[in-house]
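Here is a short briefing for a first look. Take in the overall build, then the meeting of the chains, then the helix pairs.

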Amino acid sequence: MTDGLATRAARATPPAAARKIRGLSDRAIAWIFVAPTIFLLLAVNIFPLIWTIRLSFTNFRANRNREVEWVGLRNYERILTDSDIWLTMQATAHFLFWTIFFQVLIGFALAYLINKNFRGSPFWTTVIVLPMMLSPAVVGNFWTFLYQPQIGLFNYVVEFFTGIPASSFEMIGSVNLAPWSIVIVDTWMWTPFVMLICLAGLRSIPAYIYEAAEIDRASKWRQFWTITVPMVLPFLMLAVLFRGIENFKMFDLVVQLTGGGPGSVTELTSINLKREAFEKWRTGYASAYAIILFVTVFGLASIYVKALNAVKER
Amino acid sequence: MSSYSITEPSPRQKWVAGTLVILYAVITILPLVWIIATGFKSPSDAISYPPKIVFEPTLEGYVNLFTTRTRQTEEYLAANPPQTWADEIVRQYDMVIVGPSRYGERFLNSVIIGFGSTFLAVFLGTMAAYAFSRFRVPLKDDLMFFILSTRMMPPIAVAIPIFLMFRSLGLSDTHLGMILLYTAVNISLAVWLMKSFIDGIPREYEEAALIDGYTRFQAFMKVVLPQAATGIASTAIFCLIFAWNEYAFAVLLTSGTAQTAPPFIPTIIGVGGQDWPAVAAGATLFLIPVMVFTILLRKHLLRGITFGAVRK
């Protein structure tokens, strides 16, 4: 494939530019420059993907040396009819919906406030951004300490603001609160991401539009809903796309925080998949599971990108 | 512009906005401050009830992080007086230092794998980005999308075949294997980000160089690369941060030799559970470089986190 690509790359390069230049021609450079990247991605992404598809039709177990049998679509059938998997899907959906909801709400509000350009706003923006860049596994592990009911900081902050006694509730240990404990940490970590993108959106709105609206005596409220929101919307949708894909894949932060527990109330699909693949060693089954997840992300993302383009063109 | 603008927020609005943002910033930074503070607490201060805000700082967490210790008999302790300040700290528990812990090694692994994969990803990514930016590569949009789509796969899903592949090639738990893997993961970011930077460099510079008799390759080396220096630096920092923070592949594909710090730090245990001051000390040393980088990067942060989609 790479070879056919190269010749086509060469043919497509404009002859005017390639003419009479000593050394390598443009077409040669184009393909020498692109080929290593494509090769690496074929080797580390596409080849494994094809291998996964192959494995998904077998009963292979990576920890055993037995005869591998073809089982056709049985793995897929079992996954799609397994009620436990639907429970992890529900946990993932809960996590996805609420993290995106809070991050959009708080992120947009922060961006709106920072855009007022108060004194010192660049400094405070940098402070707010810090959690986003840190290692989710290391930070997630430390949050288990912050969440400890007697000695952790989190419960005391809650007590300080609401008056609920700190030792009366347990974020990670309780079935009702655990799904919210992961939403809180993810929101803490990734709200700045949405904020930065919204801020770029707000700054892209030219001042003259507001000036024109002011001359037309549109109220501030009306300006907000008819100028600010529609013009930031494409940016906001982009932020949601990124967060959606990332949180669908979520593993490191949550596995360190709750490990999927208590029971399996916070067992997101990636954690469930890790159990199947690397603890139960049902490699074939897990491969089918991985393919289903990939198709789901890819499908949802493609539909979403179409919607995003439609909003942009409006 | 006149001194009065209808779009400029009033002083009162600015004051309210500033107060709310600072309040949020203080709350959001609290967990990080707590990590740093816990690193300087003694184990009993760290788990005191209620949590201690004022405490007497000690380097016990750092000593525990870097050493392995063992309990000794009183005769032994009396016969061997403490040699260093670190010895003295562990003596209060009737312990002696017997050797270094694995933290140093794991940290070094993070450095080697992080820098190795960053170098490769930026090197390959810059070349590919130049070709995508300047030449009419067939199926360009499809290839760019293909490069990006490799990022959509959950890491655990890719890890299954990579685990098998590494096992048969002997790359499991090796630095080389991890460097290649992180390069492949980072290259999508490197290509997209570098393309956005190179797109911003006017073509006229190279065309002038070509007319002066440079070859295309010389023009790339002597004209484009110097212009793209800032872009290359920020792309490198983003790749480094990713490799530095990565956990899923590291925990599944490494166990000893090539294990990086993120899977290691949560396993630091003391008496009766995690040794929180040592964990916090390890986390502090591990997180500080990234905090510094984030401050250096702040102008290009947005471009980096959106793969160059939003340039500001």
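Two residues are in contact if their C-beta atoms, placed from the backbone, lie within 7 Å. By that rule, residues 24 or more positions apart account for 68% of the contacts in chain A with a separation of 6 or more. The model is predicted.

**Build of chain A**

- Chain A has 14 helices and zero strands.
- Its pattern along the sequence reads α-α-α-α-α-α-α-α-α-α-α-α-α-α.
- The radius of gyration of chain A is 25 Å, whereas a compact globule of 314 residues would have one near 20 Å.
- Along the principal axes, the C-alpha atoms of chain A fill a box of roughly 60 × 60 × 35 Å.
- Buried residues make up 40% of the 314 residues of chain A.

**Where chain A meets chain B**

- On chain A, 84 residues are in contact with 86 residues of chain B.
- Helix H3 (residues 26-55) of chain A supplies 14 residues, the largest share of the side of chain A that touches chain B.
- That side of chain A divides into 60 nonpolar, 14 polar and ten charged residues.

**H3(A) against H6(B)**

- The partner here is helix H6 (residues 103-134) of chain B, whose axis comes within 8 Å of the axis of H3(A).
- The two axes cross at roughly 130 degrees.
- Angles over 145 degrees count as roughly antiparallel and 65 to 115 as roughly perpendicular, so H3(A) is oblique to H6(B).
- The crossing of H3(A) past H6(B) is left-handed.
- From H3(A), the residues that meet H6(B) are A:Ala30, A:Phe33, A:Val34, A:Pro36, A:Thr37 and A:Leu40.
- From H6(B), they are B:Leu124, B:Gly125, B:Met127, B:Ala128, B:Tyr130 and B:Ala131.
- By class, the contact of H3(A) with H6(B) has ten nonpolar, two polar and no charged residues.

**H12(B) against H15(B)**

- This pair lies in chain B: helix H12 (residues 229-245) and helix H15 (residues 276-297).
- Their axes come within 11 Å and cross at roughly 155 degrees.
- Angles over 145 degrees count as roughly antiparallel, and H12(B) and H15(B) are therefore roughly antiparallel to each other.
- H12(B) passes H15(B) in a left-handed crossing.
- H12(B) brings B:Ser234, B:Ile237, B:Ile241 and B:Trp244 to the contact, and H15(B) brings B:Val290, B:Phe293 and B:Leu297.
- The contact of H12(B) with H15(B) divides into six nonpolar residues, one polar and no charged.

Notes. Residues numbered from 1 in each chain as written. Chains lettered and ligands numbered in written order. Predicted model: local features only at pLDDT ≥ 70, side-chain atom pairs only at ≥ 80, totals over all residues. Helix = DSSP H or I, 4+ residues; strand = E, 2+ residues; numbered from the N terminus. Nonpolar A, V, L, I, M, F, W, Y, C, P; charged D, E, K, R; others polar. Axes fitted to C-alpha atoms, helices over the stretch in contact; angles between N-to-C directions. Parallel < 35°, antiparallel > 145°, perpendicular 65-115°, else oblique. Left-handed = near helix turned anticlockwise from the far one by under 90°. Rg over C-alpha atoms; globule rule 2.2 N^0.38 Å. Buried ≥ 20, exposed ≤ 12 C-beta atoms within 10 Å, placed from the backbone.
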